[in-house]
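Here are my notes on the model you sent. Please read them with the structure open.

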Amino acid sequence: MLRTLRNRLIASHVFLLLITIAVTGIALVYVLETQVLLVNLAKQLAGQAVLVAEIAREEPAVWSDSAQAQTFVNRVAPLFPAQLMLLDAAGRVLASSDPADANSVGQRLELLGLNDALRGQNHVRVAYSQNLQAEIADIMVPVRGPAGRIVGVVRLTDQLGTVYERFLRLRTLIVAVLAVGLVLGGVVGWRLAVTLERPIRRVTQAVYQLAGGHQQMPLPEQGPDETRLLARAFNVLVERLRNLESARQQLLANLVHELGRPLGALNSAIQALSAGADADATLRRELLAGMGAEIQRLQRLLDDLAQLHGRVLGPLELARRPTALSEWLPEVLGPWREAAHQKGLEWQVTIPPTLPTVAIDPDRLAQAVGNLLSNAVKYTRPGGTVTVAAGAEAGAIWVRVSDTGPGIPPDEQVRIFDPFYRGPPDRRFPEGMGLGLAIARDLVIAHGGRLEVDSTPGRGSEFALWLPAGGGSEMRG
């Protein structure tokens, strides 16, 4: 019965309410009966006893003659719900409204508090019995004669019969109110349990469906903050899985495209050589050069895929060593300067000789800079300009690569660092898998730096690579 979370939550609410209401009910009944009803009853009886004492003081004969005392009691007792007894100055019974006390007339009773009353003190005694089988209140008031001498005692006793019905009605009312509270609490507890359990069950079922390969829609983020957070985490997981699936499909499509083109070129060159093209030395050299270029493109593709694989496996491992940036950076730029000149681009470089020596992985960071330069050369039309500048400021080192290419629209600038993103078909180049900027960013972040882009459509782009001057701490910006 308690195997489900819903039943356990309902049981916990009801059980807690049951204990709380039961304890509260018992305490409430006890306090009302002992601290309210009995106290009020005692005060009421005390006032009645004082009134009887005042009446009896006006009739002195009552305290010397039992017959007159009984007549007085018979006349006055019906006016009060309590039992009335008169005792003389020696504590002997003169008269009583209870016929059972007839045999006690003339005898001294050993009553608790009687001596105090004979000494002139009012005595009030309240006794409480769980089964209401004992006296509830016993009041004794002394009566003084004309000279101030104690002539007798008026005793009023309220027995079970006068308060039992009040106690019973009170207990019934309290039990009824607490029972209604328990029912309402149980209904509210059931509702709360269902509200808590339903989102958890929904997420659990969605996880099973997702694990089974079913298409999963985002879950509504409802309920308490914790269940909202759980649903939000699941939705983020679903979105990431969708992105991974989309990236996987795009990767396969790009691989087919990128591998098919150079393999087709290699196959054509091999067939040409097999058909006798190797007899012409010039044609043979051209075919071999073309085959070498295609193999280099395949090698770059494998390098990009290796970087992607390392990114999936975990943080990049860098082989840091002190590197003089003023000497290292010109070596990195050399090949790209030739590529820019071959395309007819203007090449501008500004590298101050005062750049510091920092601990970096020169090969990995050269790859990041090379990816930026590759894009700049690739997307800049002949006659354009590629500019490289470097400097140091405020404890940071920066390298900027600018071009006069078509620029990047604002809506694409937030996506260009995503793996496999290649832009619209009318703007992208046929070669490439959309990994260059993603790999460059990961390499810069691994060095504790950041990579920024500033681009205006039609006016070119500028990528800024920032590194901490210490070479190790993470930069924020």
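1. Start at helix 2. Asp 65 caps its N-terminal end. A side-chain oxygen of Asp 65 lies 3.0 Å from the backbone nitrogen of Ala 67. Helices here are DSSP runs of H or I with at least four residues, strands are runs of E with at least two, and both are numbered from the N terminus.

2. A word on the source. This is a predicted model: local features need pLDDT of at least 70, side-chain atom pairs count only at pLDDT 80 or more, and totals for chains, interfaces and linings use all residues. Residues are numbered from 1 along each chain as its sequence is written, and side-chain values use heavy atoms, with hydrogens and water left out.

3. Confidence next. The protein averages a pLDDT (the predictor's confidence in each residue, from 0 to 100) of 78. Of the residues, 79% score at least 70.

4. Buried means under 20% relative accessible area, exposed over 50%, and partly exposed in between (1.4 Å probe, protein chains only). An α-helix has 3.6 residues a turn, so residues three or four places apart point the same way.

5. Look at Asp 88 in strand 1 (residues 83-88). Asp 88 counts as buried, at 9% relative accessibility. A polar atom of its side chain lies 3.0 Å from the backbone nitrogen of Ala 90. Leaving aside neighbours within four places in sequence, Asp 88 contacts Trp 63, Leu 94, Leu 118, Val 151 and Gly 152.

6. Now the hairpin of strand 9 and strand 10, with two residues between them. The two strands pair antiparallel over eight bridges; pairing requires at least two DSSP bridges. Ala 392 has Ile 397 in strand 10 as its bridge partner. In the turn, Ala 394 has a positive phi of about 50°, and is not a glycine. Ala 394 is exposed, at 88% relative accessibility.

7. Strand 10 has another partner. Eight bridges join strand 10 to strand 12 (residues 460-468), again antiparallel. Ala 396 stands opposite Pro 468 in strand 12. Seven of the eight residues of strand 10 are buried, so this strand is largely enclosed by the rest of the structure.

Terms used:
Polar contact = N/O pair within 3.5 Å; in protein donor to acceptor, adjacent residues only side chain to side chain. Contact = heavy atoms within 4.5 Å.
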